[in-house]
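Tutor: Please study the sequence and the model shown below.

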Amino acid sequence: LVLHRQKLAPPKDLSQLQASEEKFAKAFAVSPALMVLSSFEEGRLYEVNDAFLSAFGYAKEEVVGKTVTELKLYVDPAQRRRLRHLVETHGFARSQEVQIRTRSGKVFIGLLSMELLRIADERRLLTVVVDITERKRFEQDLQQAVQELARKNLELVEARDQATTAATAKAHFLPNMSHEIRTPMNAVIGMSELLRETNLGPDQRDYAEAIAQSGEAL
């Protein structure tokens, strides 16, 4: 009975494995995220999903069997070396921001995660990429808007401070100047009054009147 169970066990395990592989294959194919299955050492692409092909502008036969280096997918090759080191150390990499080049040469920003798998005694790499180019552009625009707002606020603060300084200076200037003018003008007006009480000719009296009126006006 024990032998019989042992003989029956492998087919059951095999069917479970096949079912699991079918589920993975289906999820891989229909995922909206860009997905790639590649060799760990060379980065040779074994499988890519439709989202990858659509985003990069390749046909499947153009990428399967090629390496990421041959396809020049990474704008900065040092990024791939850094990611490979992370996976080598931890067995995975999570949410790494990378710049990736499409077939047309267009560059987009991707949020990349990697998982090291062992399939048939070979280390393979499952890579998932989400395009965050628009999000990054929005974040940059928002940051620029915030910086511009901060600059304008600083200009407003400086303008307010200048206006306050000018108002303060004016507030001090007017009383001081008023005092400085009033004191000698009182003397001018007083002396013109005394002058008009003296014996003056017609022209001299007109001049004295003009001095008195101007002094009063000032």
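Student: How many residues apart are Phe52 and Phe56 in helix α2, and what separates them in helical turns?

Tutor: Phe52 and Phe56 lie 4 residues apart in helix α2, so about one helical turn separates them. Helices here are DSSP runs of H or I with at least four residues, strands are runs of E with at least two, and both are numbered from the N terminus. Residues are numbered from 1 along each chain as its sequence is written, and side-chain values use heavy atoms, with hydrogens and water left out. This is a predicted model, in which local features need pLDDT of at least 70 and side-chain atom pairs count only at pLDDT 80 or more, whereas totals for chains, interfaces and linings use all residues.

Student: How many aromatic pairs does a search of the whole structure find?

Tutor: The search finds 2 aromatic pairs. In one of them, the ring centres of Phe52 and Phe56 are 4.3 Å apart and the planes meet at 25°, so this pair is stacked. The rule is that rings of Phe, Tyr and Trp (its six-membered ring) pair if their centres lie within 6.5 Å; planes under 30 degrees apart count as stacked, over 60 as edge-to-face and the rest as tilted.

Student: Why does Phe52 count as buried?

Tutor: Phe52 has 3% relative accessibility and therefore counts as buried. Buried means under 20% relative accessible area, exposed means over 50%, and partly exposed lies in between (1.4 Å probe, protein chains only). Phe56, at 4%, is likewise buried.

Student: Why is the pair of Phe56 and Phe108 called edge-to-face?

Tutor: The ring centres of Phe56 and Phe108 are 5.5 Å apart and their planes stand at 70°, so the pair is edge-to-face. This pair links distant parts of the chain, since Phe56 belongs to helix α2 and Phe108 to strand β4, 52 residues apart. Phe108 is itself buried, with a relative accessible area of 6%. Phe52, Phe56 and Phe108 form one aromatic cluster.

Student: What joins strand β4 to β5, and which way do they run?

Tutor: Strands β4 (residues 107–119) and β5 are joined by 10 bridges and run antiparallel. They count as paired because two strands pair if DSSP finds at least two bridges between them. Within this pairing, Glu115 stands opposite Leu126 of β5. The hairpin has 2 residues between the strands, and Ala120 there takes a positive phi near 55°.

Student: Which way do strands β1 and β5 run, and how many bridges join them?

Tutor: Strand β1 (residues 34–39) is antiparallel to β5 (residues 122–131), with 6 bridges; Leu34 has Val129 as its bridge partner in β5. Strand β1 also meets β2 (residues 45–48) through 3 antiparallel bridges, where Val36 stands opposite Val48.

Student: How many cavities of 30 Å³ or more does the structure hold?

Tutor: The structure holds 1 cavity of that kind, and about 250 Å³ of space lies in the largest cavity. A cavity is a set of points on a 1 Å grid over the protein atoms alone where a 1.4 Å probe fits but cannot get out, and lining residues have an atom within 4 Å of a point. Points are joined across faces, edges and corners, and the volume is the space filled by probe spheres set on them.

Student: Which residues lie nearest the centre of the largest cavity?

Tutor: Of the 19 lining residues, Val68, Tyr74, Leu112, Met114 and Thr127 lie nearest the centre. Strand β1 gives the most to this lining, with 4 residues. By class, the lining has 13 nonpolar, 4 polar and 2 charged residues. Here Ala, Val, Leu, Ile, Met, Phe, Trp, Tyr, Cys and Pro count as nonpolar, Asp, Glu, Lys and Arg as charged, and the others, Gly among them, as polar.

Student: Why does Lys72 count as exposed?

Tutor: Lys72 has 55% relative accessibility and therefore counts as exposed. Lys72 is placed in the loop between α4 (68–71) and α5, and its phi is near 55°, a positive value in a residue other than glycine.

Student: What does Ser95 count as, and why?

Tutor: Ser95 has 48% relative accessibility, so it counts as partly exposed. Ser95 lies in strand β3 (residues 92–101), and its phi, near 50°, is positive in a residue other than glycine.

Key: 1 Å grid on protein atoms, 1.4 Å probe; cavity = no way out; pocket = protein on both sides within 12 Å on 5 of 7 lines; lining within 4 Å.
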